[in-house]
Amino acid sequence: MDSPPEPDYGKDLGDRFLDTAKSLISNAETRHHLLATYARLRATLPSHYHPAPALTKTIRFHDRSLPLTVGSPIFLAAGGNKTAESLPAFAELGFGGITTGSATLDKWDGNPHRPRVSLLPLDRAMQNSMGLNNPGIEHIAKEVDRYLGRCHKRKMALGISVTDTPGVTDEEQIFSEVETTFRRGYGAADYIELNLSCPNTGNSRLDTNVELLGDILSHVMDIRRTLAPRKAVFVKLSPDMGMKTLESVLQTVADSGVTGLVLFNTFPGDRSKFLHMQTAQENFLPLAESGALGGVSGRVLYQNTLPAVRFIRKQLPHMAIFAAGGIDHGEKVLDLLEAGADAVQVYTVLAYRWNAVIKMNRELLQAMKSHEIASLDGYAPWRNN
Ligand SMILES: Cc1cc2nc3c(=O)[nH]c(=O)nc-3n(C[C@H](O)[C@H](O)[C@H](O)COP(=O)(O)O)c2cc1C
């Protein structure tokens, strides 16, 4: 059965300016760095962005982790601010939260090849094979320590995504690294994301090695039991799991007692034939010497994100859910909140829409009005289904 058409957006003057900027600055990584510069510039303007009161919500957790009060349910996904740069300025872009990182134990340069990012405009998608470049947990946690209060004043929550160092296969070392990065990140941030599903590092993915996943999660949750206050711990999954694997991963995650799930990471590019894409796989740019295609993000993922959130919400009614993958319109945000997400995370849309999140906040408000929803606080219709 064909899925219903997705809510769409026309191009305004700002989007055309963005297209011109993309044609002038061909290096996608350089363009990415301009995001924080742009946020800082906006922060110097006399009028600041104020979130609409109707979008403010407090996200409460079943395990009594500290709740998050945010001015918008739209967060910046991990990878969008890998260095935790200029955090408070991102409030000017309309975000209600930021997941910084992913952070490894030490500074990590990521994959050596270039380019590591490529746009697939036909699908409003992106391929990336950054390989988890980041300045290390200490740097990121220090920035979060420094700016958490200012971000809270702007109703923005801060999370840190932590991960194991690419290439490390020794399980004891993985445990010890995850423990150290988790402890440091936990001390600083409002919530933690465990990124065990990066398709770009050449490692076997930990989120499909169910036994190891279970061991890591129970280790992390044992540590959390010794720490106060209690904060939310999320696990980020990959979108390409078959039903059998997904079911056993969900069981493992539920047994571990983690607070929530981030659904999902990028989709492995080598398996993109499973996505309904207009770009043929032979037109993808190889993003590694091996010819590997990196991870695909953007609009094409949404066809999977919404039904997966709906399905997983039914399986795990208590689990918190952050939805990510192809969310590029405010109506999609409302659909996901209706389906069971507590908040959403976006990244690739920033490459296609100028002031994307401010626009999406506006579209979300509009969609709420037409569904006669006065406020997002406490909005969880899936609880009654
Ligand atoms: C360039 C790039 C870098 C990313 N880096 C990370 C990362 O370091 N850690 C992580 O958990 N996810 C990372 N992601 C995945 C995003 O957080 C998100 O899950 C994915 O892109 C789907 O959302 P989108 O379609 O809105 O981009 C990255 C994505 C992109 C495009």
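## Gly340 and helix α8

Gly340 follows helix α8 and has a positive phi, near 135°. Helices here are DSSP runs of H or I with at least four residues, strands are runs of E with at least two, and both are numbered from the N terminus. This is a predicted model: local features need pLDDT of at least 70, side-chain atom pairs count only at pLDDT 80 or more, and totals for chains, interfaces and linings use all residues. Residues are numbered from 1 along each chain as its sequence is written.

Helix α8 covers residues 330-339, and eight of its 10 residues are buried, so the helix is largely enclosed by the rest of the structure. Buried means that 20 or more other C-beta atoms lie within 10 Å of the residue's own; 12 or fewer means exposed, and partly exposed is in between, with C-beta atoms placed from the backbone. The buried set is Gly330, Lys332, Val333, Leu334, Asp335, Leu336, Leu337 and Ala339. These residues pack against β3, α7 (302-315), β13 (320-324), β14 (343-346) and α9 (356-370). Contact requires C-beta atoms, placed from the backbone, within 7 Å.

## The barrel

Eight strands close into a barrel. Their order is β3-β4-β7-β8-β9-β10-β13-β14, and the pairing is parallel. On average, neighbouring strands of this sheet are turned by 25° against each other, direction ignored. Two strands count as paired if DSSP finds at least two bridges between them.

Take β8 and β9 as one example. Strand β8 (residues 191-195) runs parallel to strand β9 (residues 232-237), and five bridges join them. Tyr191 has Ala232 of β9 as its bridge partner.

## Helices α3 and α4

Helix α3 (residues 137-153) packs on helix α4 (residues 171-188) at an angle of about 10°, with the axes 8 Å apart. The two are therefore roughly parallel to each other. From α3, the contact uses Ile137, Glu138, Ala141, Val144 and Asp145. From α4, it uses Thr181, Arg184, Gly185, Gly187 and Ala188. By class, this contact has four nonpolar, three polar and three charged residues.

Axes are lines fitted to C-alpha atoms, for helices over the stretch in contact, and angles run from 0 to 180 degrees between N-to-C directions. Under 35 degrees counts as roughly parallel, over 145 as roughly antiparallel, 65 to 115 as roughly perpendicular and the rest as oblique.

## The ligand shell

The ligand is surrounded by 26 residues, the closest being Ala77, Ala78, Gly79, Ser297 and Thr348. Such a residue has its C-beta atom, placed from the backbone, within 6 Å of the molecule. Strands β6 (125-128) and β12 (295-298) each supply at least two residues of the shell.

By class, the shell has 12 nonpolar, 12 polar and two charged residues. Nonpolar covers Ala, Val, Leu, Ile, Met, Phe, Trp, Tyr, Cys and Pro; charged covers Asp, Glu, Lys and Arg; the others, Gly among them, are polar.

A cis peptide bond joins Gly101 and Ser102, with omega about 15°. Ser102 lies in strand β4 (residues 97-103). Another cis peptide bond joins Leu263 and Phe264, with omega about 20°. Phe264 sits in the loop between β10 (260-263) and β11 (267-268).

Ala84 is not a glycine, yet its phi is positive, about 60°. It lies in the loop between β3 (74-76) and β4. Ala84 is buried, with 26 other C-beta atoms within 10 Å. Ser86, also in the loop between β3 and β4, has a positive phi of about 50°. Ser86 counts as partly exposed, with 18 C-beta neighbours inside 10 Å.

Notes: Contact = placed C-beta atoms within 7 Å.
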